[in-house]
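Here is a quick tour of one protein chain.

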Amino acid sequence: MITENKGKETTKMSRRTFIKGSGAAAAAVTLGGAGIAGTWADVAEGAPVDLTNAKTFTSSCTMECLHHNLKGYVVDGKLVKVEANIADPTKACLRGLSRVQWVNHPDRIKMPMLRTGEKGEGKWKEISWDEATDLIVTKIKETQKELGNQGIAYKGGSGNFGQLVNPVSSAFFNYLGGTTPFVGSLCCQVVTTTMPPMLGSRYEDTRDTIPDSKYILVWGTNPAVTMQSYMYRYMKAMDNGARMVTIDPRFSETAAKSDEWIPVLPGADAALGLGMLKIIIEKKLYDLDFLQKHSSVHFLVDKAIGDQVKADDSDTSYMVYDQISKTIVAHDAAGISPALSVAGTEIADKYTTVFDLIYEETKTWTPEKVQEETDVPAETVIRLAHDYATIKPAMMITNMGGFQRTEYGSYAVGIQFYLAVFTGNWGKAGNGICDAGGVGTNLKINSPIKSPKPQGEFGAIPSPKLGEYVLADKPNKIGFLWVMTTSLMTQFPNTNAVKAALKKVPFVVVVESLMTSTALYADLILPNTTIFEYTDLLAHNRSHYVQYMEKAVDPPGEAKSDLEIFTMLAKKLGFGEAFDKTPDELIEVCLEGTGITLEQIKKGPVLGTPDPYIPYKDGIFKTPTKKAELFMPMWQSKGFNPVVTYIRPNEFIYGDKELAAKYPLMAVQRKINRTIHSTFGNLPWILETAGDNPHMLIHSEDAAVRGIKDGDRVVAFNDRGEHKCVAIVQDHIKKGVIALENGWWEQHGGSSSYVTNDFVEPLGGGHSCNSTLVEVRKEA
């Protein structure tokens, strides 16, 4: 879509002058208005530009953010300005507006670059695309001959959710014959493994009805940063009389806006939730009607085998004890009154119920016991449970929060779902649990390229253990690694092990637009396009809109899109016909069966969800029984309790005593508004407004013991490595806990992932970065 801008808009104020006059915070709202003309110095300074004859194009930020629709202005073939598109009900942030600097960055990689020095040394030579693709094909075939397809691996990630990026890469490597996969998201793996079996689906968000809530419990997340364009909805709810409470080890930006901040020890969230549930059960604050109609708490469990009782092998034939007939009947039989508990009945010797099992797990967690484990005062636990259960509608905001990136995060996720089910807080405007959600929740977006299924045994590499597994040749020796849409060196735990793994793999290809931390350790870098330089479809689980991403300008040098790169390689490998399609042709394949057409999205974003969207409306869940199923056979199959319990993390202040004595501070990671993970990390507007040094938030008492003052350069360290940063000494964090900032590049001193725990969460395969013990010293 190309339109002519008929107005006479001209930006006159320089960016630097504006910042000096109004402050960086205000500048972050306005910087997108700075035009660009001529040199890179003009870009940095926001020099005036005449937009009278500018052509406009639409695109979107594609990484793991909120996917705001953006409008780009092009003058004489150059992108000169980016702003929020009026078609989007949310507003783009400074990161989206700074896309103009990304496109025009002087350090863009313009040609394929082959390493000539040691990995990490930064010595390269430019080669042609023909040379690069020939080399890749040679290395692939050499690896296949020596190690089989098991010796090939590729790692994508959340850096680009466009439909013609990661799905195309999956198709390419399937055509190749398969690869050793990496499994487990570093973001929300345990939510992904817990939510579908318990509630029937993933990616169900409550953002549309936040203003309808009367009680908002923000648990372990920070929507003021991670959902900032929706934060006004929280404020609207509070204006309407809602109470907002934040549970977090850190006094976050959201906590500052809340009625109450409840600091908790990292990793102890399941204990807090079990304590709340004990009170709700014993005070009979639960919603009995909702539990009986919409949950599995009354399903019988055979004590002898520890499994749920079913009439047959189907996934809906669960049995209950009917209080009317005093018999065991099907859970969905008509005219019955299923018992929550069978204690004291004639079947109690042989059977129990899911309710009984859950209640038994809560009994240990008196308010005093919760205080002892979590450091949340007993009276606060009582009040928290009472308020969440009685103030209706109540909404819990989790949004893939840090509480679940812990050693047993699946149980922390599960207890939140339990609390919402027991109190009937599902299926109405203003209640539910706010997680990610979007187009993919309601529309089936097809893969753009159908591909064969790999044949053979490949095993898998748990993502948190990427470094360790590759170094140990587990499950296979890796000879060829392709890295795209992610930065292993900034996001993956135990960075020293990741670095050693990148050095060990004989041939590493990194597809990037800039020299990222991971690109430094490549053997071959392929120059990639960024948004406004290629055509794509964005229809994922971070926005309710299906969006067409237009190509507005040509990329610098010979940078190419992922689709172009895979198409070139597919042709040389003999399966090019499957890939040799135009972006529009592939987008049409993606949209087949959705009821949305290419012509529609070319005119503007198309809403792909009901408005307003209410997850599990009227308590109808998406499980086979249509009920919330709170007994988890998956956990049981792994040797764990099938109902939520609490297991103390090893890297915890009360965990491994020897380790805690050596490293007495608990480190948590926090998202900051300068980046999405590590993207945007080297753009001038970002660096000037948000700073160019990593920071550590540390309590004043912890700082004083170590002789640390505000602004000192400090080092967080443990046996895995060290992370250098600048101390922020404030009592905005719980004593005994420090907060490190996620996503810093090697060029800025390195990521906090150098110290993070690489333990694989055993119930769901997740990341345990917030179960990390460290010590801190002042930098010499």
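## A loop worth a look

Aspartate 473 counts as partly exposed, because its relative accessibility is 29%. Bear in mind that this is a predicted model. Aspartate 473 sits in the loop between α19 and β20. Its phi is near 55°, which is a positive value in a residue other than glycine. For context, most residues other than glycine have a negative phi, and most peptide bonds are trans.

That loop has another backbone feature to check. The peptide bond running from lysine 474 to proline 475 is cis, with omega near -15°. Proline 475 is placed in the loop between α19 (466–471) and β20 (480–483).

Now jump to the loop between β25 and α25, where you'll find lysine 626. Here too phi is positive in a residue other than glycine, with a value near 70°. Lysine 626 has a relative accessible area of 47%, so it is partly exposed. Proline 612 also lies between β25 (606–607) and α25 (633–637). The bond joining aspartate 611 and proline 612 is a cis peptide bond, and omega is about 0°.

## Aromatic rings

Across the whole structure, a search turns up 29 aromatic pairs. One of them is phenylalanine 575 with phenylalanine 579: the ring centres are 6.0 Å apart and the planes meet at 50°, so the pair is tilted. As a reminder, a pair of aromatic rings is described by the distance of the centres and the angle of the planes.

## Out on a helix

Glutamate 379 is part of helix α16, which covers residues 378–390. Its relative accessible area is 55%, so glutamate 379 is exposed. Its C-alpha atom is separated by 7.2 Å from that of proline 367, a residue 12 positions away along the chain.

| Residue | Relative accessible area | Class |
|---|---|---|
| Aspartate 473 | 29% | partly exposed |
| Lysine 626 | 47% | partly exposed |
| Glutamate 379 | 55% | exposed |

## Zooming out

How many helices and strands does the protein chain have? There are 28 helices and 31 strands. The C-alpha atoms fill a box of roughly 80 × 60 × 55 Å along the principal axes. For 780 residues, a compact globule would have a radius of gyration near 28 Å, and the chain's 27 Å agrees with that.

Of those 780 residues, 62% count as buried. Take the contacts between residues at least 6 apart in sequence: 74% of them join residues at least 24 apart. The accessible surface comes to about 28,200 Å², and carbon and sulfur atoms account for 51% of it. As for charge, the chain has 82 positive and 91 negative charges, and their mean positions are 2 Å apart.

Methods:
Residues numbered from 1 in each chain as written. Predicted model: local features only at pLDDT ≥ 70, side-chain atom pairs only at ≥ 80, totals over all residues. Heavy atoms only, no water. Helix = DSSP H or I, 4+ residues; strand = E, 2+ residues; numbered from the N terminus. Rg over C-alpha atoms; globule rule 2.2 N^0.38 Å. Buried < 20%, exposed > 50% of the residue type's maximum accessible area, 1.4 Å probe, protein only. Contact = heavy atoms within 4.5 Å. Areas by Shrake-Rupley, 256 points an atom, 1.4 Å probe, with all protein chains shown as cover. Lys, Arg positive; Asp, Glu negative; His and termini not counted. Charge placed at Lys NZ, Arg CZ, Asp CG, Glu CD. Phe/Tyr/Trp six-rings, centres within 6.5 Å; stacked < 30°, edge-to-face > 60°.
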